[in-house]
Amino acid sequence: MNPGPLFITNTLTRRKEEFTPLRPPHVGLYVCGPTVYSDVHLGNVRSFLTFDVLYRWLRQLGYTVRYVRNITDVGHLVDDVDHGEDKIAKRARLEQLEPMEIVQKYTNGFHDVMRLFNILPPSIEPTATGHLIEQIEMVKRIVASGYGYEANGSVYFDVPKFAEQHAYGELSGRKIDELLANTRDTEGMDEKRSPLDFAIWKKAEPQHLMKWPSPWGVGFPGWHLECSAMSTKYLGQTFDIHGGGMDLKFPHHECEIAQSVAADGHAPVRYWMHGNMLTVNGRKMAKSEGNGFTPEELLTGNHKLLEKGYSAMTVRFFMLQCHYASTLDFSNAAMQASEKGLERLMKAMALLPRLKPADGDDADIAALEQRCHAAMNDDLNTPVMIAELFEAARIINSVNDGKLKLTAASMEKLRALMQTLVRDVLGLRDEATASPTDDNALDALVKEFIRLRAEAKGRKDFATGDAIRDRLAAIGIALKDTKGGTTWERG
Ligand SMILES: [Zn+2]
């Protein structure tokens, strides 16, 4: 396949640029992963989906991609600043669990959600706690370069000093004077030289649960540090693409750049990419807003903002119908339109093998393919590509109705095209059209098994309960236990 060059919007330069990897055919891709202290909500899913499509398209273009997506399991403090409680330690206190139990619980939950939305696993999924040595070494290099200083067992990054010699604020478009004028943060000022300085190593208070020895005493790494240390370890001091949600541009990504330049003397990333937010009725999706519904709530429809349940593939399709750099507003009307659209696409694909070839062509499949590739190469323009796929569906339906002709060769080309773009690139699975409520008899049958399993568990017959779940799983019916009860889907 030779679909021509890929152009992506580099948020560092704010320009659409031709993507050329540093060491073709290899591509190094780093994406900031979740902080595993709570359930993933749909807004998080959109960000990971954006980079899933990038990963899939890069592979389609023939690149060998090393995709690193981390798990933040220490150091991310409440309010995203460098004072206050660790998010994971706080949750451990509230749930009365060991912090690593919290990490495991929500890492498992995150993986379940990624599988549900058919988001591919990365090549490497490193954790912050697994890379303490690398982080401590990086702090040492930053201190040695003169841009880090120790104060009372913590180590801070000297932002004003760094900014004298290097660009700071380039990615987020912030100027150091404005940042200084706008800051009212006096926290830690008994230790920090400037309110703009950020912690790269924090001294742990005696009651702190997550702490490690270091040359500066017992403490834990600053949040921004892990991504710099792990991207350097697995992708090198300079690598191709760094992605994340738009809200991570500042301070997180800005600090990552500063740390790498200070430690190793290089800007770490050649292309920065940022996905936009998911909003609900125009407001950012967040748990605190009461609109951050979980994937389970979405599937069951069990939330005051949902008119009904939607399948994971409907949600995936809905998100792909919007360009990743635009905000996407969630509404029931838009979801229902996506549900119908996806069904139309899937039905057309199912018709393909049954079409009767003719001895001539009324549609130019090669041109259609070319337009699809051009859309993807134009900064992953999935909405434009999906419009072309609807055109393909129209052609298939017309051939089926006897209104258009296609040769066997064109049909084969169309089949391969749909297979590649719909399944491999957009990652849409078959069960897309079969939301549980579509097939009433099957739904009733599975619900009967769910009831039998609940009865078995009620009389403490866990062996039978597990056997019901496992046998259903073996025939492709996955049960999922949620707070609101057990749901099912085709797995
Ligand atoms: Zn990060």
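I began with Arg 91, which touches Tyr 37, Ser 38 and Ile 102 once residues up to four places away in sequence are left out. A reminder to myself: this is a predicted model.

Next I looked up where Arg 91 sits, and found Arg 91 in helix H2, residues 87–95. Is Arg 91 buried or exposed? I count Arg 91 as buried, because it has 20 C-beta neighbours inside 10 Å, and 20 or more is the cut-off for buried.

From there I jumped to Thr 314. Arg 91 and Thr 314 are 223 residues apart in sequence, and their C-alpha atoms are 32 Å apart in space.

Then I turned to helices H10 (residues 312–320) and H11 (residues 332–351). I found that their axes come within 9 Å and cross at roughly 100°. H10 is therefore roughly perpendicular to H11. On the H10 side I noted Met 313, Thr 314, Phe 317 and Phe 318 in the contact. H11 brings Ala 334, Met 335, Ser 338, Glu 339, Gly 341 and Leu 342. Sorted by class, I have six nonpolar, three polar and one charged residues in this contact.

Last, I checked the domains. The domain assignment lists domain 1 (7–275), domain 2 (279–433) and domain 3 (439–490). I noted 30 Å between the C-alpha centres of domain 2 and domain 3. How many residues of domain 2 are in contact with domain 3? I found five, facing six residues of domain 3. The domain 2 side of this contact has one nonpolar, two polar and two charged residues.

Notes
Residues numbered from 1 in each chain as written. Predicted model: local features only at pLDDT ≥ 70, side-chain atom pairs only at ≥ 80, totals over all residues. Axes fitted to C-alpha atoms, helices over the stretch in contact; angles between N-to-C directions. Helix = DSSP H or I, 4+ residues; strand = E, 2+ residues; numbered from the N terminus. Parallel < 35°, antiparallel > 145°, perpendicular 65-115°, else oblique. Contact = placed C-beta atoms within 7 Å. Nonpolar A, V, L, I, M, F, W, Y, C, P; charged D, E, K, R; others polar. Domains from an automatic or database assignment. Buried ≥ 20, exposed ≤ 12 C-beta atoms within 10 Å, placed from the backbone.
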